[in-house]
Amino acid sequence: MIATPVRLAPDVLLRPAELTDATGFSRAYRRSLEHLRRTEPPREAAYYTPAGQEQRLRAQLAEQEAGRLRLWVLIHEADEGSGEPDVAGAITLSQITYGPLRSASVGYWIDVGHLRRGLASAALRAVCTAADQELGLHRLSAGTLLENTASQRVLTGCGFTPYGTAEKYLYINGAWRDHRLFQKILNDRHP
């Protein structure tokens with residue numbers, strides 16, 4: 001599970017998320033609130049606090065411990081001396097399933113201050129490699145809002161192909177929204 005940090009850019013590392021990242025996540029979410037609002041479910045104000053992020057991270061790390069989720073954080077190193085990691089984004093494999101399916105769903109977001117640097121693509125490539133080589137998964141899936149062409153470019157640039165549209169798929173920004181569905185077949189190994 002990408003235990004060793006992977007350099008995505010001269011100033012950005014990808015590594016497994018830790019509970020100590022809660023404050024960094026809180027700051028990044030608050031900075032990116034308006035940018036992310038159009039692509040995320042509605043959140044209570046407490047979600048954006050360090051305590052809210054600690055609670056979220058505890059739940060996700062428990063899911064990770066159970067083998068159902070993997071969470072990585074993109075760390076911007078410019079403020080290394082501040083003592084707390086500066087979060088530049090995150091990428092998650094969720095709904096990890098083994099057996100004959102060997103699949104997971106991938107989701108990611110980038111801090112508004114780090115957009116258009118290729119970080120989402122670099123992180124997604126690294127996670128696809130880990131999903132294939134370390135987790136032994138066969139397939140990854142992802143969904144985007146129909147109008148989220150930036151995320152669709154990231155997915156197709158990393159070898160994902162569209163395979164359909166899910167009507168009223170997720171409750172985003174106050175309404176049930178249609179999503180374009182993508183998948184990437186990682187390998188054809190036997191399960």
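**View 1. Val106 is a buried residue of the predicted model.** Val106 has a relative accessibility of 7% and therefore counts as buried (under 20% relative accessible area, with exposed over 50% and partly exposed in between; 1.4 Å probe, protein chains only). Val106 lies in strand E5, residues 103–110; helices (H or I, at least four residues) and strands (E, at least two) are DSSP runs, numbered from the N terminus. This is a predicted model, in which local features need pLDDT of at least 70, side-chain atom pairs count only at pLDDT 80 or more, and totals for chains, interfaces and linings use all residues. Residues are numbered from 1 along each chain as its sequence is written, and side-chain values use heavy atoms, with hydrogens and water left out.

**View 2. Surroundings of Val106.** Beyond its neighbours within four places in sequence, Val106 is in contact (heavy atoms within 4.5 Å) with Ile91, Thr92, Leu93, Leu124, Ser141, Ala142 and Phe160. Gln183, 77 residues apart from Val106 in sequence, is 9.6 Å from Val106, C-alpha to C-alpha.

**View 3. Strand E5 and its antiparallel partner E4.** Six of the eight residues of E5 are buried, so this strand is largely enclosed by the rest of the structure. Strand E4 (residues 86–97) pairs with E5 in the antiparallel sense over seven bridges; pairing requires at least two bridges found by DSSP. Ser94 has Ser105 of E5 as its bridge partner. Five residues separate E4 and E5 in their hairpin, and Gly99 in the turn has a positive phi of about 70°.

**View 4. Strand E5 and its parallel partner E6.** Three bridges join E5 to strand E6, residues 139–145. The chain passes from E5 through helix H4 (residues 119–133) to E6 in a right-handed β-α-β crossover: with the strands pointing away from the viewer, the path from the first strand over the helix to the second runs clockwise. Leu140 in E6 is the bridge partner of Ala104.
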